[in-house]
Amino acid sequence: MNTAQTPDLSSFWMPFTANRHFKHHPHLIVAGQGAYFTLHDGRRVFDCLSGLWCTPLGHGRPEITDAVRAQLAELDFAPTFQVGHPKAFELASRIARWAPDGLNRVFFSNSGSEAVDSALKIAIAYHQARGDARRVRIIGRERAYHGVGIGGISAGGIAVNRRTFGALAAPFVDHLPHTHDPAQMRFSRGQPAWGAHLADVLERLIALHDASTIAAVIVEPMQGSTGVIVPPVGYLDKLREICTRHGILLIFDEVITGFGRLGANFAAQRLNVTPDMIVFAKAVTNGTVPLGGVIVEQSIHDALMHGPDQTIELFHGYTYSGHPVACAAGLAALEVMERERLIERARDLAPILEQEAHALREEPHVADIRNIGLAAAIDLTPRPGAPGARARAAFEHGIDAGLLLRFTGDTLAVAPPFISSEEDICRMFAALRGVLRRLD
Ligand SMILES: Cc1ncc(COP(=O)(O)O)c(C=O)c1O
């Protein structure tokens with residue numbers, strides 16, 4: 001790196017980062033255009049994970065820049081407590097039009113974590129409003145990532161999160177098993193045929209805790225952060241059926257899958273299973289301005305609209321819920337996605353991604369490859385006694401090969417921007433092949 005231009009790195013305590021390692025081996029991103037970033041030393045790297053799953057339209061979109069600039073000039077902030085501004089209503093209506101039928105009430109937050117907390121609170125408030133105050137238990141799933149709020153780490157299933165912060169976790173939670181069994185589904189293309197029966201464990205949890213204590217089940221339709229774990233055929237349908245039968249709400253956390261990643265507006269539509277709430281964030285503004293939220297089925301919303309009409313029905317909200325600049329960015333991003341038919345494009349690119357990803361099967365250290373929509377993961381065999389080291393080495397070699405890769409543990413995930421060309425995707429995998437061959 002060109003140290004003459006390096007800022008002082010000491011004060012910024014970086015999130016989810018090995019800070020000491022980074023500060024000795026920094027990679028600074030200084031610009032982004034289309035599907036590529038520019039690094040501090042002038043090298044261009046392909047954005048293999050669309051930022052952090054959040055920039056499907058690519059970087060430097062003039063439509064979004066213009067909308068944000070105009071919004072800042074016209075109305076930079078307006079409260080949404082007891083007053084409102086037009087763009088929040090417009091964006092909510094637009095998101096409702098994208099969502100499955102019946103899910104048409106939208107509560108805004110700033111992030112996925114806050115959106116998860118909001119969904120869990122809405123679930124509990126809904127049951128209370130219907131006189132079912134005992135329904136407070138949340139069922140999550142092993143290996144789930146629902147962000148870092150107290151609700152998210154409670155329902156989430158990442159062991160290290162729970163080991164460190166378990167004392168803060170909500171008391172009334174339980175977890176379904178995750179659905180990833182390499183012995184049954186290694187190198188599956190798309191949805192694995194094996195594993196629908198794992199949803200039956202929900203019946204066992206219901207027998208254990210009694211349905212009358214369970215408010216909601218929350219799952220990511222495709223588990224993104226822990227390595228593109230694709231739901232087995234029939235699994236989500238079963239969860240839906242069991243929840244409906246027992247009066248339990250089903251929440252899909254679509255922070256990663258929402259807005260096209262699986263080749264439909266939401267995973268709910270791609271997988272043909274309609275939940276009661278959808279949590280979203282990330283791609284809604286193409287990652288440009290923080291914004292998240294929950295799309296709620298109308299009868300759940302309506303159940304809370306009771307009492308004198310001057311009471312606050314849901315005692316919940318953020319200063320920046322429906323921030324005008326975020327809403328302007330969201331409206332512009334969704335407009336571009338519609339106009340350029342980018343979700344269809346993601347659907348068209350998906351078979352190419354699948355073919356190219358699975359062509360790496362015989363490369364050194366590859367233990368498994370999975371894919372769905374425009375996302376794939378490659379598990380590497382860990383180095384003995386050094387978990388994560390091999391994927392970190394792949395990350396470093398990737399930069400030399402013109403790729404910004406994402407790794408967690410020994411898994412590499414790719415989810416390129418929807419605007420990528422077929423050549424971009426083929427080049428990404430060709431470069432990745434070279435990276436795998438350099439690993440020891
Ligand atoms: C499924 C899911 N839920 C929630 C979150 C948390 O979102 P945020 O980081 O915006 O709080 C993430 C982030 O990656 C996620 O993947």
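In what order do the 4 strands of the open sheet stand? The order is β11-β12-β15-β14, with antiparallel pairing. Two strands pair if DSSP finds at least two bridges between them. Helices (H or I, at least four residues) and strands (E, at least two) are DSSP runs, numbered from the N terminus.

This is a predicted model: local features need pLDDT of at least 70, side-chain atom pairs count only at pLDDT 80 or more, and totals for chains, interfaces and linings use all residues. Residue numbers start from 1 along each chain as its sequence is written.

**The open sheet**

β11 (366-372) and β14 are the edge strands; each has a single partner strand, so one side of each lacks a neighbour in the sheet. From one strand to the next, the twist averages 20°. Angles run from 0 to 180 degrees between N-to-C directions, and axes are lines fitted to C-alpha atoms, for helices over the stretch in contact. Inside the sheet, β12 and β15 pair over 4 bridges in the antiparallel sense. Aspartate 379 has threonine 411 of β15 as its bridge partner.

Contact means C-beta atoms, placed from the backbone, within 7 Å.

| Helix | Strands touched | Direction |
|---|---|---|
| α14 (residues 342-358) | β11, β12 | about 175° with β11 |
| α15 | β12, β14, β15 | about 170° with β14 |

**Helix α15**

The 12 residues of α15 (residues 389-400) should span 16 Å at 1.5 Å a residue, and the end C-alpha atoms are 17 Å apart, which agrees. The expected span is 1.5 Å times one less than the number of residues. Arg390, Ala391, Ala394 and Gly398 of α15 are buried. They cover an arc of only 95° around the axis, which puts them on the same side of α15. That arc is taken from the directions from the helix axis to the C-beta atoms. A residue is buried if 20 or more other C-beta atoms lie within 10 Å of its own, exposed if 12 or fewer, and partly exposed in between; C-beta atoms are placed from the backbone. The cover over these residues includes β13 (403-404) and α16 (422-438). Just after α15, glycine 402 takes a positive phi of about 85°.

**Strand β9**

Met277 and Val279 point one way from β9 (residues 277-280), Ile278 and Phe280 the other way, and all are buried. β8 (residues 249-253) runs parallel to β9, joined by 3 bridges. β10 (residues 292-297) pairs with β9 in the antiparallel sense over 4 bridges.

Note on methods
Contact = placed C-beta atoms within 7 Å.
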